[in-house]
Structure formats: C-alpha cells, structure tokens
Amino acid sequence: MLSILAAGSVFFPGLFLLSKQCLKHLPALRWSEGDAVIVSARLVSSVQAVMASSAGYIIASSCEDIIEDQHWLTSSYILFAVPYFVYDIYAMFMCYWYKLRIKGHEEGPVATQHVATAIVSYLCREFLMVLHHVVMVTVCFPVSVFWRQGKGDYFQGVMFMAELSTPSVCLGKILIQYKQQHTLLHKVNGALMLLTFFICRVLLFPYLYYTYSRYASIPFHLVPLSVPWQCNLGAALLMAPQVYWFSLICRGALRLFTGSSRSRRPPAAEEGKGASGPANGYSGSSAEGGQAAH
C-alpha cells in the first residue's frame with residue numbers, strides 16, 4: 001500500500017516539474033514560467049484522466065457480477081491516484097498565482113498581493129473545487145478502500161471513467177489561455193466537453209442506480225430504498241457539484257455558440273498586444289468559468 005502511495009506521490013509532481021522544465025528550456029519553445037506552469041498542470045490532469053479512464057474500463061469490463069467480482073486494479077489505482085488530488089490543490093494555486101501576475105488583470109498585479117492574501121483569495125474563489133479534492137482524499141479514499149470490503153468494483157470502475165471529460169476541459173482552458181476562442185477547434189472541443197461531461201458525470205449516478213436495478217430485479221425508483229443510506233448520501237454529495245459545473249459549462253457553451261463578443265476573433269491590435277506578454281486564459285468570464293471542473 002505504502003509503495004503505491006509513494007509511487008503516485010512521485011509520479012504526478014514529477015511529471016508536472018518535468019513538463020514545466022521542458023516547456024521552459026526546449027529551444028523550440030522557451031515558454032515563460034507562468035505559461036509553462038499553467039499548461040503543465042493541464043497536461044498532468046489529462047494524463048491522470050486517461051489513466052483513470054483506462055483503469056476504469058478494464059475494471060468494469062472484467063466484472064460480470066457487479067457486486068461480488070473484484071479486480072486488483074481497483075484498490076491499486078485508488079492508492080496511486082490519491083496523491084494526485086493533494087498535488088492538484090497545489091497546482092491549481094500555482095495557476096491562480098501566475099494569473100495574478102498578468103499585467104492589467106482585473107484583480108491587480110501580484111505586487112499588491114502577499115502570498116497569504118493570495119491563498120485566501122484562491123480558497124474563496126476555488127472553494128468548491130478544493131473541497132471536492134479534500135473530500136476525495138479524506139472521505140472517498142477510505143470509503144473506497146476499506147468501507148466497501150471488496151464489493152462493487154464494477155461501480156468503482158465506472159466512476160473512474162467519469163474522468164473521460166477532463167482532457168477536453170483542459171484543452172478548452174489552454175485554448176482560452178492563448179485567446180483561441182474564435183477557432184473551430186475551440187468550438188468542436190466545447191461541444192465534445194459538453195457531451196462528455198453530461199454523459200460521464202451528470203448521468204453517472206443515474207446510470208449506476210439503473211444498473212443496480214437490473215442486477216437486483218427491482219424498479220429503478222425503488223433503488224434508493226434498497227441500498228444503504230450512506231450510498232444515497234455519497235451519491236448526492238458527489239453529484240451536486242457536477243450538476244453545478246455542468247450548468248456553468250452550458251452557460252459558456254451558450255455564449256460560445258451564439259457568437260458572443262468574447263468568443264469572436266480579437267482585433268489585430270489586441271492580438272499583437274497579447275502576443276507580447278504572457279497568455280491570459282483567465283479573464284473570469286462566465287464562459288471560462290464553466291470550464292473550472294476537472
């Protein structure tokens with residue numbers, strides 16, 4: 001157990017640092033510190049999402065009995081991924097910190113921000129996301145590893161596949177960072193993000209309840225009365241932020257596909273100005289706010 005935790009503790013921060021150094025020092029790139037940090041954080045999130053989704057597919061597809069069948073990868077990947085959520089709190093703060101350093105940002109230059117003030121501001125602005133990560137470590141981890149007592153690996157595998165939506169969210173943030181909201185790629189990625197987030201996160205628990213109703217041969221609406229109350233509570237607490245984030249994504253998609261001014265190609269003068277300084281993917285608009293979840 002400790003060796004797997006240690007491996008995750010080295011892998012995710014190590015990948016972040018390696019990616020940042022490559023983006024900063026490769027002759028063909030030479031990115032600024034801020035750009036390298038922000039893109040590296042998105043890269044690590046995408047890598048974790050691909051790994052989690054792959055593990056989830058392997059687990060779910062190997063379980064014929066959705067309650068009793070077990071797969072060794074279930075607990076192993078949970079242990080490996082726990083350090084990611086701790087690391088990601090730090091990575092999100094670093095992205096927020098470098099956002100504050102962008103000249104002319106509405107929240108002011110970093111010279112007026114002490115670290116403690118920035119941390120408080122970060123926790124207030126990203127409270128729901130930080131809370132989500134803390135709950136994943138302090139509640140979901142012990143529940144998944146110990147409370148389940150080896151049952152329901154199928155359900156755990158399907159929940160891993162919720163991460164399928166994360167790469168498109170990360171790509172959307174990078175495109176916004178480089179002011180590419182006007183491109184076809186951004187619109188296609190936005191549609192993909194909307195679809196995958198709805199299927200993989202919003203419909204996740206209704207699907208799991210439906211699967212159990214078929215397994216137990218009971219009507220769908222009676223499932224909440226047939227499972228432990230802790231399962232219903234956990235499902236409600238995990239699903240609530242997903243619905244909220246999905247509403248933000250829908251609002252952003254509406255702005256994007258109705259041709260709002262923020263999604264149009266910026267004037268040539270603004271493009272030139274943006275090229276001379278760090279790319280700003282954090283203007284704080286509602287369209288961008290919808291891409292906060294990952």
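This is a predicted model: local features need pLDDT of at least 70, side-chain atom pairs count only at pLDDT 80 or more; totals for chains, interfaces and linings use all residues.
Buried means under 20% relative accessible area, exposed means over 50%, and partly exposed lies in between (1.4 Å probe, protein chains only). Residues are numbered from 1 along each chain as its sequence is written, and side-chain values use heavy atoms, leaving out hydrogens and water.

**Overview**
- Searching the whole structure turns up 5 salt bridges, each being a side-chain nitrogen of Lys or Arg within 4 Å of a carboxyl oxygen of Asp or Glu.
- Side chains of opposite charge can pair when their charged atoms come close.

**A buried pair**
- Arg148 and Asp153 form a salt bridge through their side chains, at 2.9 Å from N to O.
- Asp153 counts as buried because its relative accessibility is 4%, and Arg148 is also buried, at 14%.

- Lys151 and Glu68 join in a salt bridge at 3.0 Å, N to O.
- The two residues are 83 residues apart: Lys151 sits in the loop between α5 (127-147) and α6 (153-160), and Glu68 in the loop between α2 (33-62) and α3 (72-100).
- Helices here are DSSP runs (H or I, at least four residues), numbered from the N terminus.
- Lys151 is partly exposed at 38% relative accessibility, and Glu68 is partly exposed with a relative accessible area of 42%.

**A network**
- Salt bridges connect Lys20, Lys24 and Glu33 in a network.
- Within it, the side chains of Glu33 and Lys24 meet at 2.4 Å, N to O.
- Glu33 counts as partly exposed because its relative accessibility is 25%.
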